[in-house]
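Here is my note on this structure. Please keep the sequence and the 3D view open as you read the points.

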Amino acid sequence: MDSVTRKKQLQRYEPPEWVDGLKIVPKYKVQLANTNTPIQRWYLPGIPDGVEVYIKRDDMLGCELTGNKARKLEFLLADAIHQGYSSVITCGGIQSNHCRATALAARQLGLHPHLLLRSPPNPGTDVFCGNALLNRLIGANIYLIPPTAELVPDIIPRMKQLATRLNNKGDKSYVVPTGGSTSIGLYGYIDGYNELLSQPRIPANLQLAAQLDSSPKLIRV
């Protein structure tokens, strides 16, 4: 797919008014998910009296292969397409959900995925099952790196070296850090939160439990 065709997939993004103070605001997004996921009340055991638990069902985004990571990827990959990139580079473990989601979404949008994956010296069947198998099936470019490789001193320089090599071949490459956690990727959550505020089932006195950096946080709204 050429750059002109990829750019036809871009949709103009209109941010909510309450993000006007942020320095970086994306102009575009792409559609990877069926948004407006429902809010459902769950009756869980051990909940104190007077407390109601509601869950926003982002598992129902309709993109089973990318899951809720599609929200960030809608902005990250739109940014890559808008700037004329043809490849995407990211990193993670051999069975990384983020890498699998990025690779699949990239292929869907006509971009070439390149994955730096931490792997033991003899990965055995790990490269033939789960996310690693899906990455291979869609033809992602896979580069195995030591399991002890650290992000800042080891992996980021490798991603930059790979980007330079691809750029020199005319394959302009967009680097996505692990997890897609950037000022652009943040808008996936901003968009999801803004969607939540517009939904009728949101309680008047809301405390939002969010999962950030593998540790749950409680946010008062």
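1. Start at glycine 110. Its phi is positive, near 85 degrees, and this residue follows α3. Helices (H or I, at least four residues) and strands (E, at least two) are DSSP runs, numbered from the N terminus.

2. A word on the source. This is a predicted model, where local features need pLDDT of at least 70, side-chain atom pairs count only at pLDDT 80 or more, and totals for chains, interfaces and linings use all residues. Residues are numbered from 1 along each chain as its sequence is written, and side-chain values use heavy atoms, with hydrogens and water left out.

3. Now check the length of α3. The helix covers residues 97–109, and its 13 residues should span 18 Å at 1.5 Å a residue. The expected span is 1.5 Å times one less than the number of residues. The end C-alpha atoms are 18 Å apart, so the two agree. At the start of α3, a side-chain oxygen of serine 96 comes to within 3.2 Å of the backbone nitrogen of histidine 98.

4. Is α3 mostly covered or mostly open? It is mostly covered, with 10 of its 13 residues buried. Buried means under 20% relative accessible area, exposed over 50%, and partly exposed in between (1.4 Å probe, protein chains only). Among the buried residues are His98, Arg100 and Leu109. The cover includes α1, α2 (70–82), β5 (87–93), β6 (112–118) and α4 (130–137).

5. Arginine 6 deserves a look. This residue sits in helix α1 (residues 3–7). Arginine 6 is buried but has no salt bridge. A salt bridge needs a side-chain nitrogen of Lys or Arg within 4 Å of a carboxyl oxygen of Asp or Glu. The nearest side chain of opposite charge is aspartate 2, 6.6 Å away. Arginine 6 does touch Leu109 and Gly110, among others, not counting residues up to four places away in sequence. Contact means heavy atoms within 4.5 Å.

6. Elsewhere, charges do pair. The count is 7 salt bridges. One of them joins lysine 29 and glutamate 74 (3.5 Å, N to O). Lysine 29 lies in strand β2 (residues 28–29) and glutamate 74 in helix α2, 45 residues apart. Lysine 29 counts as buried because its relative accessibility is 13%. Glutamate 74 is buried too, at 3%.

7. Finish with glutamate 195 and arginine 71. Their closest N and O atoms are 3.1 Å apart, in a salt bridge. Glutamate 195 is in helix α6 (residues 186–197), and arginine 71 is in α2, 124 residues apart. Both are buried. Shared partners join Lys56, Asp58, Arg71 and Glu195 into one network.

Notes: Lys, Arg positive; Asp, Glu negative; His and termini not counted. Polar contact = N/O pair within 3.5 Å; in protein donor to acceptor, adjacent residues only side chain to side chain.
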